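Work through the exercises below with the sequence and the 3D view open. Try each task before you read its solution.

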Amino acid sequence: MIVDIKDLRKTYKGGFEALKGVTLVIKEGEILALLGPNGAGKTTLISTICGITNPSAGSVSVGGHDVVKDYRAARSMIGLVPQEINLEPFNKVIDVVTYSRGLFGKKANPAKIEEILRQLSLWDKKDSRVMELSGGMKRRVLIAKALSHEPRILFLDEPTAGVDVELRKDMWDVVAALKEQGVTIILTTHYIEEAEAIADRVGVINGGELLLVEEKAALMQRLGQKTLQVDLQAPVDSVPESLSAYNLEIAEGGNALRYHYDTSGESTGITRLLGEISAAGLQLKDIQTEQSSLEDIFVGLVKEGAA
Amino acid sequence: MNFTAVWAIYYSEMVRFFRTIAQSFISPVISTSLYFVVFGAAIGSRIDQVEGVSYGAFIVPGLIMLSVMTQALSNASFGIYFPKFIGTIYELLSAPVSFLEIVLGFVGAAATKALFIGVVILVTASMFVDVPVTHPWAMVLFLVLTCVSFSLFGFIIGVWAGNFEQLQLIPLLVVTPLVFLGGSFYSIAMLPPIWQKITLFNPVVYLISGFRWSFFGTADVPVGLSLLAIFGFTALCMGIIWWIFKTGWRIRA
């Protein structure tokens with residue numbers, strides 16, 4: 001456990017409740033994706049952990065250090081990549097990155113800065129002024145700044161919002177490389193595919209509440225569940241005795257049978273089932289399959305939260 | 001104390017200054033020369049002496065004070081306002097730095113720039129007139145304290161300002177008039193009696209008077225009072241900044 005968030009609440013001046021009691025434990029070395037729509041509280045959560053906003057209630061500790069009382073020790077461990085491209089436009093790339101290292105109290109280390117800039121393909125641009133860079137390059141500079149002081153935890157707030165596909169893939173590679181180095185990474189996103197691609201765990205946040213935190217693998221298993229619906233020519237009252245092994249459900253007032261199966265299993269049993277349905281004397285009208293996606297789970301959770 | 005961070009802020013602010021070193025250097029030289037042409041040569045030729053000092057020399061301390069105060073104000077207010085404006089303030093807030101360290105970095109840099117400009121003006125002025133410095137240590141003390149206190153004041157304005165207009169508002173509407181009416185170019189003794197009383201409510205009078213005393217040994221108000229004023233003003237600004245950071249006013253939500 002590297003970050004421990006207990007019943008964190010944040011009410012802004014004017015009464016807006018951005019966080020309504022978030023409790024979350026972040027494990028060392030993991031990649032946690034916080035998924036949620038705009039205005040869900042993702043940025044407020046990150047801002048409160050990093051010291052940009054003060055919590056109204058509850059507590060956050062980073063590496064065992066309270067982020068308010070022991071802010072120096074806590075913040076020293078954290079690198080933050082903000083959502084907006086906030087950079088000093090007139091300064092050189094190498095200067096803004098070196099500045100960040102100094103600000104975090106670390107001794108100058110040009111070799112380390114070079115390593116970071118090279119890793120992010122920024123070394124060629126080190127003497128360029130920030131304003132001369134493309135949007136994607138600027139985002140890399142933000143990451144370089146966050147990494148300049150060798151943090152153990154990296155927060156990425158919507159790192160790939162408005163970024164082209166190629167750069168997004170690059171960003172994921174950088175994240176994977178950092179994980180190799182043992183850095184704990186928390187990223188917010190509203191792209192489900194991003195969470196799927198790189199996260200170890202996924203948290204869903206909406207309306208200032210954490211609705212779910214789950215291992216991605218477990219979520220993916222739910223994703224693997226498919227449902228086969230067989231529409232019948234004539235309705236049935238009950239599942240025929242011969243089909244009892246399939247654990248079928250009667251749907252649509254007896255006009256359909258539903259079968260749940262796992263695509264990741266060795267055999268889905270569909271062929272056998274269809275054969276046995278016709279052997280039982282039932283006439284098929286149509287068949288359809290549906291898959292529960294992370295998107296469905298997500299949308300379902302968000303709707304529940306809103307209701 | 002995170003001195004590395006103080007240095008990082010200070011250095012980065014000074015880089016901005018040195019990037020525009022030509023302007024930073026040339027503009028005070030030109031404006032000082034212009035003041036000398038207008039006040040020294042054109043008007044000054046009709047004024048014999050003020051308190052036993054030639055008018056040209058008499059206005060030097062006021063000129064330095066005028067520039068130092070406005071420069072300290074604008075540098076410090078811009079220094080902290082700019083990160084707020086472009087959003088880079090996030091980094092200061094999420095860094096392991098105390099507010100004292102942030103203030104030291106920004107105010108230190110702004111005060112250094114103002115001090116530099118003050119010295120440039122003094123040197124430029126010495127080329128036009130003979131400027132005696134009777135109490136050099138007192139002169140340095142007044143100069144440095146003015147640089148620091150007005151940089152602190154500028155820092156407050158920068159934190160308070162919500163846009164560029166507000167950033168200009170206080171320097172333009174309050175400070176410039178107070179400095180001009182604070183005896184930069186005249187001795188209080190030259191005013192009608194009633195204005196001699198009213199002008200004592202202007203805090204800048206004490207600063208300019210004390211600073212002028214360090215040059216010529218004569219003052220409009222007692223030097224002790226001037227020292228008290230400058231220390232009082234510095235303490236007041238520090239108190240306000242302490243409060244700003246304690247409450248997070250306009251900085252941390």
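## Exercise 1: An enclosed helix

Helix α1 (residues 42–50) of chain A is largely enclosed by the rest of the structure, because eight of its nine residues are buried. Keep in mind that this is a predicted model.

**Solution.** 
- Step 1. Recall the cut-off: buried means under 20% relative accessible area.
- Step 2. Go along the helix. The buried residues are K42(A), T44(A), L45(A), I46(A), S47(A), T48(A), I49(A) and C50(A).
- Step 3. Check one of them. C50(A) has 2% relative accessibility, so C50(A) counts as buried.
- Step 4. Step past the end of α1(A). There G51(A) takes a positive phi of about 100°.

## Exercise 2: A strand with two covered faces

**Task.** Find strand β7 (residues 153–157) of chain A. Why is β7(A) largely enclosed by the rest of the structure? Which strands does β7(A) pair with?

**Solution.** 
- Step 1. Count the buried residues. Five of the five residues of β7(A) are buried, so the strand is largely enclosed.
- Step 2. Sort the residues by side. I153(A), F155(A) and D157(A) are on one side, and L154(A) and L156(A) are on the other. Both faces are covered.
- Step 3. Look for one partner. Strand β6 (residues 78–81) of chain A runs parallel to β7(A), joined by four bridges. Here I78(A) stands opposite I153(A).
- Step 4. Look for another. Strand β8 (residues 184–189) of chain A is also parallel to β7(A), with five bridges. F155(A) stands opposite I186(A) in β8(A).

## Exercise 3: A hairpin

**Task.** Do strands β9 and β10 of chain A pair in the parallel or the antiparallel sense? Is N206(A) buried or exposed?

**Solution.** 
- Step 1. Trace β9(A) (residues 201–206) and β10(A) (residues 209–215). They pair in the antiparallel sense over six bridges.
- Step 2. Look at the turn. Two residues lie between the strands, and G207(A) takes a positive phi near 55°.
- Step 3. Apply the cut-off. N206(A) has 13% relative accessibility, so N206(A) is buried.
- Step 4. List contacts beyond four places in sequence. N206(A) touches P37(A), A40(A), L211(A) and V302(A).

## Exercise 4: Two chains meet

**Task.** How many residues of each chain are in contact? How many salt bridges cross the interface of chain B and chain A?

**Solution.** 
- Step 1. Count both sides. 24 residues of chain B are in contact with 29 residues of chain A.
- Step 2. Take the area. About 2,400 Å² is buried between the chains, and carbon and sulfur atoms give 56% of that.
- Step 3. Find the main contributors in chain B. Y90(B), E91(B) and P96(B) lose the most area to chain A, together 27% of what that side buries.
- Step 4. Search for charged pairs. The rule finds three salt bridges across the interface.
- Step 5. Inspect a salt bridge. The side chains of R16(B) and E88(A) meet at 3.3 Å, N to O.

Methods: Residues numbered from 1 in each chain as written. Chains lettered and ligands numbered in written order. Predicted model: local features only at pLDDT ≥ 70, side-chain atom pairs only at ≥ 80, totals over all residues. Heavy atoms only, no water. Buried < 20%, exposed > 50% of the residue type's maximum accessible area, 1.4 Å probe, protein only. Pairing = 2+ DSSP bridges. Contact = heavy atoms within 4.5 Å. Buried area = accessible area lost by both parts, 1.4 Å probe. Salt bridge = Lys/Arg side-chain N within 4 Å of Asp/Glu carboxyl O.
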